Amino acid sequence: MKLKQRVVLLAILLVIFIFTKVFLIDNLDTSAANREDQRAFHRMMASLRVELDPRLDHTLQSPWEIAAQWVVPREVYPEETPELGAVMHAMSTKKIIKADVGYKGTQLKALLILEGGQKVVFKPKRYARDYVVEGEPYAGYDRHNAEVAAFHLDRILGFRRAPLVVGRFVNLRTEIKPVATEQLLGTFMTVGNSTCFYGKCYYCRETEPACADGDIMEGSVTLWLPDVWPLQKHRHPWGRTYREGKLARWEYDESYCDAVKKTSPYDSGPRLLDIIDTAIFDYLIGNADRHHYESFQDDEGASMLILLDNAKSFGNPALDERSILAPLYQCCIIRVSTWNRLNYLKNGVLKSALKTAMSHDPISPVLSDPHLDALDQRLLSILATVKQCTDQFGPDVVLVEDRMTLSHL
């Protein structure tokens, strides 16, 4: 064989070797990542049940100190939380030492200070479990049980971006009124034999109070994020106009996502993939009301999109508002880890997991069966949407490997 032929042959063999090595390494990396996704899923399933137990045997810290230390730029709470039951027990039982009107917003809520100085947001029950909210997907009052269900769904999806929420019964006469500010106390009234209040908010009306069953009111309490993590509010790029006859640009412009990708903070970093995770989360719970979202301040797009205010959810189990998924089907990208998790949850696993996760909550049953059934049906729609994207663009384009490093140092 001539020298020139030998050189050509060696060059070809070298190219084949390099491509083979790269291919094998890529596949090994992908396989290892997928195996870790599967292990994480099994760990989540093994820790679904959260028994509300006050004991904190292995620490001298208060439950509030523990929860505050959990918060990092990409998580509100870590994957493994043996103290979660104790923190939630404290949220649902600790003495209320002050009650005030809720922070600014459109819906009725109260700001409570629990023993130990911890702030929580209390949202009262307005609907029975089987009540169906008709009309627009963002219609109706806030649903307190939706906040509870959304928190546990956040756990199941492995996002860990929602503040802790638990159900709670409060006695308005003995627990709230004696420690209420004048501003809150001025909104109390008696309707029949029930104690009621209407609070202070954009849509709060004296003619539309929230009423207890006698003096006992069912609600949800959401743990206030630590003050050392101030929030920054952003307009959601796929927000609605809330004006009849006026469409947002994303509702008529098929190339809208291309424009979003050129705009900070969506042109780099994890924020756009967070938006798509959130669209999946919101579609599952039926939340079409995320017109704004919060992140931590001065994060330059690096921190998570925090899943706050999920109460406009689980209103109508028969309504699947596909427009909520617009970020997914317009951008046609999704995290591999999110895609894997969704696939693990099909065939009825999601419904069963959420039912199990909520079973120890004080206000259980949190959701009616039609809402649980709707979750499984909506999951199928999400999987079908991703398949349409991969059929059109290929999995290498659609499935994005973006595993953020989560530091708890």
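## The chain as a whole

The protein chain has 13 helices and twelve strands, in what is a predicted model. Its radius of gyration is 24 Å, close to the 22 Å that the globule rule gives for 409 residues, so the protein chain is as compact as a globular protein of that length. Taken along the principal axes, the box filled by the C-alpha atoms is roughly 100 × 60 × 40 Å.

Of the 409 residues, 51% count as buried, and the accessible surface of the protein chain comes to about 20,300 Å², with carbon and sulfur atoms supplying 53% of it. Among the contacts with a separation of 6 or more, 73% are accounted for by residues 24 or more positions apart.

## The annotated position and Y242

An unreviewed UniProt entry lists D289 under "active site", and this annotation may be inferred rather than shown by experiment. In the model, D289 is placed in the loop between α8 (271–285) and β10 (292–296). Once its neighbours within four places in sequence are left aside, D289 is in contact with Y138, Y242 and K312.

Phi of Y242 is near 60°, a positive value in a residue other than glycine. With a relative accessibility of 32%, Y242 counts as partly exposed, because that value falls between the 20% and 50% cut-offs.

## Backbone features in loops

Most residues other than glycine have a negative phi, and most peptide bonds are trans.

|---|---|---|
| S264 to P265, cis | near 5° | P265, between α7 (256–260) and α8 |
| S364 to P365, cis | near 0° | P365, between α11 (349–357) and α12 (369–393) |

A positive phi also occurs at C332, where the angle is about 55° although the residue is not a glycine. C332 lies in the loop between α9 (326–331) and β11 (334–335). Is C332 buried or exposed? C332 has a relative accessible area of 6%, and therefore counts as buried.

N171 belongs to strand β4, which covers residues 165–171. At 14% relative accessibility, N171 is under the 20% cut-off and so counts as buried. Not counting residues up to four places away in sequence, N171 touches I176, D215 and I216.

G199, in turn, is placed in the loop between β6 (194–197) and β7 (210–211), and its relative accessible area of 2% makes G199 buried. Which residues does G199 touch, not counting those up to four places away in sequence? They are L108, T187 and C204. G199 and A210 are eleven residues apart in sequence, and their C-alpha atoms are 8.9 Å apart in space.

Note on methods:
Residues are numbered from 1 along each chain as its sequence is written. This is a predicted model: local features need pLDDT of at least 70, side-chain atom pairs count only at pLDDT 80 or more; totals for chains, interfaces and linings use all residues. Side-chain values use heavy atoms; hydrogens and water are left out. Helices (H or I, at least four residues) and strands (E, at least two) are DSSP runs, numbered from the N terminus. The radius of gyration is taken over C-alpha atoms; the globule rule is 2.2 Å times the number of residues to the power 0.38. Buried means under 20% relative accessible area, exposed over 50%, partly exposed in between (1.4 Å probe, protein chains only). Contact means heavy atoms within 4.5 Å. Accessible areas come from the Shrake-Rupley method with a 1.4 Å probe; for residues, only the protein chains shown count as cover.
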